[in-house]
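Welcome! Have the structure open as you read.

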Amino acid sequence: MLEPIQRIPRYEMLLKDYLKKLSPDSPDWNDAKKSLEIISTAASHSNSAIRKMENLKKLLEIYEMLGEEEDIVNPSNELIKEGQILKLAARNTSAQERYLFLFNNMLLYCVPRFSLVGSKFTVRTRVGIDGMKIVETHNEEYPHTFQVSGKERTLELQASSEQDKEEWIKALQESIDAFHQRHETFRNAIAKDNDIHLEVSTAELGKRAPRWIRDNEVTMCMKCKEPFNALTRRRHHCRACGHVVCWKCSDYKAQLEYDGGRLNKVCKDCYQIISGFTDSEEKKRRGILEIESAEVSGNSEVCSFLQYMEKSKPWQKIWCVIPKQDPLVLYMYGAPQDVRAQATIPLLGYIVDDMPKSADLPHSFRLTQSKSVHSFAADNEELKQKWLKIILLAVTGETPDGPSEHLDTLNNLPGPKKKSEC
């Protein structure tokens, strides 16, 4: 059955030998040369057809290896390279066995699965060649590593040797270059982006899968700078930028285009960029209790530690703040850097009693309204008077910067006359 196909290259070889021995002055020279050109074209076409048949056969084999679930059997698809590789995990330092199928238009990232008949794989991710970037990385613990960054996912891979690594990088880069050549309409956009960046740009945030910073590369939250620990401040990854952040800094969700528009955990900065929320809009969304202590303490009428007691509960030390932007509300935090207030007291309408009720706490005062009673105690008389000046205005609905009917009363109070500062 192969003889009809083998005749064509055989005719080509015979004609080449005939022309070598034929004199250029021979009357058969021109006809022989033209015949060689025709048969060479036919041989090239035949070889191309054979390669396409072999490629289609290989695609069918891979299709079966993937459980007949991936639609890869297409004449336009061409297998470039395949082989085993290791994938470095972001959450730990382990390396996981994976298998790659590189085609002219995509990379299939697969996980081996147990099978009694031949090798079988499950496709974990399909990464398109369009927009793919290759970066050679360096890791002291894991040699021969490189990074494949696509719109769908970013992978950090480890080859078996330096030669294997170079072969993969070369095959991937050649596939990317060939893809760009076939799509000339993208050349101008690609030429402007010759530099390879490890981090996702702001314009690509949510559109391109980021490289996850590995857990062992950082010791503190990359947003709030608080150190990680195994119990109360564990590591989390922002799905938009790939940074390692604590749970407080990753308590946001946004729709990511590269993941089909599904909601993913992101950090505060990425959330504001992707969703378009401003700081003021975010504060309204979070609610009054979730405004950080540092935000209100830095711009407050008065703030300090006070002893606090509600009804018959024991005294406790808390951080109290009356912010300038909300001077009619008293915020109570557990500590100056807390990101959420424990409680708030709307001061309007409360009655102020500045007579101490306990000899142990001589600098105390009390706020009462109906059945609600809040007792406070300052460390000294001067601090107590600072608080009373602001609170006496707030309970009547006035602010320190506005006109007050109680200025005479305030001026008669002992302590400094000037407005207190935190």
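Predicted model: local features only at pLDDT ≥ 70, side-chain atom pairs only at ≥ 80, totals over all residues.

**Asp259 and its partner**
- Asp259 forms a salt bridge with Arg262, and their closest N and O atoms are 2.8 Å apart.
- Arg262 is exposed, because its relative accessible area is 52% and exposed means over 50%.

**A pair with a buried member**
- Glu204 and Arg208 also form a salt bridge, with 3.4 Å between the closest N and O atoms.
- Is Arg208 buried or exposed? Arg208 counts as buried, because its relative accessibility is 6% and the cut-off for buried is under 20%.
- Glu204, at 24% relative accessibility, counts as partly exposed.

- Which residue forms a salt bridge with Asp353? The partner is Arg366, and the closest N and O atoms lie 3.5 Å apart.
- This pair links distant parts of the chain: Asp353 sits in strand β16 (residues 351-353), while Arg366 sits in strand β17 (residues 364-369), 13 residues apart.
- Arg366 counts as partly exposed, with 28% relative accessibility.

**A network**
- Salt bridges can also be joined up here: Lys58, Glu61 and Glu82 are linked in a network of them.

Definitions and conventions:
Residues numbered from 1 in each chain as written. Heavy atoms only, no water. Salt bridge = Lys/Arg side-chain N within 4 Å of Asp/Glu carboxyl O. Buried < 20%, exposed > 50% of the residue type's maximum accessible area, 1.4 Å probe, protein only. Helix = DSSP H or I, 4+ residues; strand = E, 2+ residues; numbered from the N terminus.
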